[in-house]
Amino acid sequence: MRFSQLLCPTVRETPNDAEVISHQLMIRAGMIRKVAAGIYSFLPLGYRIIQKFEAIVREEMNRAGAQEVFLPAVVPAELWEESGRWQLYGKELLRLRDRHNKEFCIGPTHEEVITDLVRQTVRSYRQLPLSLYQIQTKFRDEIRPRFGLMRGREFGMKDAYSFHANWESLDATYAAMSRAYEAIFKRCGLDFRIVEADSGAIGGDSSAEFMVMAATGEDAIIHCNTCSYAANLEAAKVRPSPVDSGDKTPAYASILTPNAGKIEDVTAFLGRPAEHFIKTLVYMANEVPVLVLVRGDHTVNEIKLRHVLDCQELSLAEDETVKSVTGAPVGFAGPVALPAAVRIVADAAVMGLADAVSGANQKDTHLTHIQPGRDFVPEIVADIRDAIVGDACYHCDSGTYQILRGIEVGHIFKLGEKYSQALNAVFLNAEGKEQTFIMGCYGVGIGRTVAAAIEQNHDADGIIWPMALAPYHVDVIVLNTKDADLVAISDRIYQTLTENRIEVIYDDRAESAGIKFKDAELIGFPIQVIIGKKVKEEGLFEIKLRATKEVRLVVEADLVSALQDLIRN
């Protein structure tokens with residue numbers, strides 16, 4: 001490709017609405033352009049990168065035994081009503097009506113459609129296991145689309161689904177898909193981790209996320225500094241604290257704490273650290289108030305809490321509700337001497353406290369010398385908090401937790417019978433009896449992975465593409481287009497590299513060398529071949545590596561083999 005013919009409108013200034021580096025650089029490098037909030041057009045270089053990643057995904061999915069299909073983007077409401085997700089999915093589901101007033105949605109994911117397809121076409125256990133995948137555009141009506149391709153409303157996804165006669169078969173395919181995902185991200189040259197995760201709106205029995213490590217990552221990843229355990233913050237398990245007998249704790253007593261309704265205020269007032277306090281919050285779980293207790297230095301993990309309470313709707317109670325339940329304004333609630341009967345859910349760390357402090361259910365008043373188990377008994381004790389740095393590892397005896405930042409690019413789920421039961425998707429088993437399919441689900445964000453690669457691979461000058469994703473491997477730069485000899489040499493080199501099937505772009509523009517170098521660095525071509533005075537005077541071609549800035553000099557006879565070696569390695 002000749003640069004003079006390429007649609008690549010590079011921009012020197014950083015766009016005002018681009019918050020993260022991948023968004024900034026993809027716009028500046030002429031790869032994407034915004035159409036509406038969270039919706040982007042891909043220009044030639046951007047789409048070429050997308051196609052390269054899709055090709056890698058296809059190869060690894062096919063190698064794992066999956067078959068490619070293509071499902072409709074517009075899905076009838078009846079299928080989502082069958083699964084129970086039509087209302088559950090909420091406002092992110094883009095709903096519409098056709099001319100016959102029938103309801104549809106733009107698919108954000110395709111569990112319902114694929115399950116419907118399989119229930120119509122697969123009748124016998126002899127046809128199982130079956131894995132199907134597609135690469136398709138999805139739409140989720142994010143309330144705040146941001147970060148370019150990282151959190152858009154319209155986005156590309158590879159979603160795969162597997163169908164099984166038993167759990168052992170699902171386990172085998174789940175493991176195979178995990179290996180396929182590892183191969184995908186390794187081929188892309190990305191630093192990633194596999195972490196335990198929550199299944200979220202997709203549902204299912206267990207799941208794992210594939211996280212690309214990046215300092216700008218929006219997700220916190222808990223990992224052990226000794227063993228291999230890693231988990232998304234939403235799912236990270238916390239080792240229970242030892243329970244103190246409380247034998248030496250005196251009877252609780254009240255103490256005035258004027259205007260100290262926040263943990264930081266009351267800790268300062270009483271001169272005691274936050275870990276001695278019981279933080280009491282009132283939540284509405286399926287419209288019923290629940291008292292939730294965590295240690296003063298901990299944070300409620302609402303994902304864990306939702307699972308413990310087995311509720312779909314969970315939110316903090318309004319101030320009026322807090323007062324009606326506890327008898328006090330917000331900031332002074334506590335689990336002792338409640339004026340009304342209410343469920344109490346306590347984090348396990350709370351039960352490890354002795355001589356604790358909490359609100360007294362009276363304005364400007366707290367209680368000291370509280371002993372959990374003696375002064376109050378929760379209905380439920382469970383792990384309902386966020387893990388923090390320094391927590392003891394749940395999986396080993398010697399490790400402690402650290403936090404990394406990451407970007408979710410893949411997610412695999414064991415769905416079980418969640419969708420097959422809801423849609424009555426059955427097959428005949430070996431005994432000739434109807435049985436519901438056991439399912440798995442496996443997703444990769446296409447544009448999101450490309451953006452994550454940029455977040456992980458860039459410098460002050462622009463993008464540093466891993467070789468597998470680079471739009472072109474080699475950028476041939478002729479420094480002076482007014483020099484007919486240099487142009488002739490450059491034309492010849494471009495032709496030679498093309499004939500040797502090297503992916504090459506030829507910067508033949510009548511621009512200054514400075515502009516050409518800046519564009520090459522910004523776009524991130526891994527290798528530059530610079531054709532200037534050294535070629536004419538010494539017969540030497542400069543090979544410059546984008547990642548390391550290293551410059552090598554080779555003669556023309558060695559140029560092709562030198563480039564092929566660099567591309568392979």
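1. **What you are looking at.** This is a predicted model, in which local features need pLDDT of at least 70 and side-chain atom pairs count only at pLDDT 80 or more, while totals for chains, interfaces and linings use all residues. Residues are numbered from 1 along each chain as its sequence is written, and side-chain values use heavy atoms, with hydrogens and water left out.

2. **The overall build.** The chain contains 15 helices and 31 strands. Helices (H or I, at least four residues) and strands (E, at least two) are DSSP runs, numbered from the N terminus. Along its principal axes, the C-alpha trace spans about 95 × 65 × 50 Å.

3. Of the 569 residues, 53% count as buried. Here buried means under 20% relative accessible area, exposed means over 50%, and partly exposed is in between (1.4 Å probe, protein chains only). The chain exposes about 25400 Å², and carbon and sulfur atoms supply 49% of that area. These areas come from the Shrake-Rupley method with a 1.4 Å probe; for residues, only the protein chains shown count as cover.

4. **Contacts along the chain.** A contact means heavy atoms within 4.5 Å. Take the contacts between residues at least 6 apart in sequence: 68% of them join residues at least 24 apart.

5. **A cis bond.** Back at Pro 129, the peptide bond that joins Leu 128 and Pro 129 is cis, with omega about 0°.

6. **Strand 19 and its partners.** Strand 19 covers residues 365-370, and five of its six residues are buried. Two strands pair if DSSP finds at least two bridges between them. Strand 13 (residues 253-256) pairs with strand 19 in the antiparallel sense over four bridges, and Ile 255 stands opposite His 366. Strand 18 (residues 356-359) also runs antiparallel to strand 19, joined by three bridges, with Ala 356 opposite Ile 370.

7. **The turn between strands 18 and 19.** This hairpin has five residues between the strands, and Asn 361 takes a positive phi near 60° there. Asp 364 sits in the loop between strand 18 and strand 19, and its phi is near 60° too, a positive value in a residue other than glycine.

8. **Another positive phi.** Asp 310 has a phi near 50°, again positive in a residue other than glycine. Its place is the loop between helix 8 (302-309) and strand 16 (314-316). Is Asp 310 buried or exposed? Asp 310 is exposed, with a relative accessible area of 67%.

9. **Cysteines.** How many disulfides does the structure hold? The count is zero, where a disulfide is a pair of cysteine sulfur atoms within 2.5 Å. For Cys 393, the nearest cysteine sulfur is that of Cys 224, 3.7 Å away. Cys 393 is buried, with a relative accessible area of 0%, and Cys 311 is buried at 4%.

10. **A buried arginine.** Arg 448 belongs to helix 11 (residues 446-456) and is buried, with a relative accessible area of 15%. Leaving aside neighbours within four places in sequence, Arg 448 is in contact with several residues, among them Glu 218, Asp 219, Glu 408 and Leu 149.
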